[in-house]
Amino acid sequence: MKERFNIKQNVPKGYRSLLELDKAINETGIEPALLYLMYIRISQMNGCAFCTDMHWKDARKAGLTEEKLSRVPCWRESPGFSDRECAALDWAEAVTDLHPAHVSDGAYGAARANFSEAEISGLTLAIAAMNLWNRLGIACRMVPGE
């Protein structure tokens, strides 16, 4: 087994701050199922098995089907995603993968067409937080199911 370290234990104040950030995101009014779809896609993009596993389970508890969840990696080519879900997933991908061309005008336009300014702000904060959690999970070598 690879050696691991524990941020929660070693930097408790910082860790508690991240939990407060999650609480603020959950209070934005954005439906949890939509957040979980984004969290799964972001975690897949970043290769964080721990977060993908955790949020897959959360998404099932929130009522998302296995069929829909299995299509998250290919959501653009799959039926069953609403315009709002597509806009959120597109925004999540654009904000997570800034390298190719930053956030595209198309992703921004789709987000604006489907979400209020406050919701886009909440989504963006959620995306940034998930990217942070993924980096921590990967760096700390967290194992799915633990």
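1. The lining of the largest pocket divides by class into 21 nonpolar, 4 polar and 5 charged residues. Here Ala, Val, Leu, Ile, Met, Phe, Trp, Tyr, Cys and Pro count as nonpolar, Asp, Glu, Lys and Arg as charged, and the others, Gly among them, as polar. A pocket is an open set of points on a 1 Å grid over the protein atoms alone, where a 1.4 Å probe fits, with protein on both sides within 12 Å along at least five of seven lines. Lining residues have an atom within 4 Å of a point.

2. A note on the basis. This is a predicted model, where local features need pLDDT of at least 70, side-chain atom pairs count only at pLDDT 80 or more, and totals for chains, interfaces and linings use all residues. Residues are numbered from 1 along each chain as its sequence is written, and side-chain values use heavy atoms, with hydrogens and water left out.

3. The volume of the largest pocket is about 610 Å³. That volume is the space filled by probe spheres set on the points, which are joined across faces, edges and corners. Its lining holds 30 residues. Nearest the centre lie Tyr-15, Phe-50, Met-54, Trp-133 and Met-142.

4. Which helices line the largest pocket with at least two residues each? They are α1 (7-10), α2 (12-26), α3 (32-46), α4 (49-61) and α8 (117-139). The largest share, 6 residues, comes from α8. Helices are DSSP runs (H or I, at least four residues), numbered from the N terminus.

5. α3 also packs on another helix. The axes of α3 and α6 (residues 83-96) come within 9 Å and cross at roughly 35°. Axes are lines fitted to C-alpha atoms over the stretch in contact, and angles run from 0 to 180 degrees between N-to-C directions. The crossing is right-handed, meaning that the near helix is turned clockwise from the far one by less than a right angle. From α3, the contact includes Leu-37, Arg-41 and Met-45; from α6, Ala-88, Leu-89 and Glu-93 are among the partners. Contact means heavy atoms within 4.5 Å.

6. Phe-5 sits in the segment before α1. Beyond its neighbours within four places in sequence, Phe-5 is in contact with Ala-139 and Cys-140. The C-alpha atoms of Phe-5 and Met-142 are 9.1 Å apart, though 137 residues separate them along the chain. Phe-5 is partly exposed, at 45% relative accessible area (buried is under 20%, exposed over 50%, partly exposed in between; 1.4 Å probe, protein chains only).

7. Check Arg-141, in the segment after α8. Arg-141 has a positive phi of about 60°, although it is not a glycine. Most residues other than glycine have a negative phi. Arg-141 is partly exposed, with a relative accessible area of 39%.
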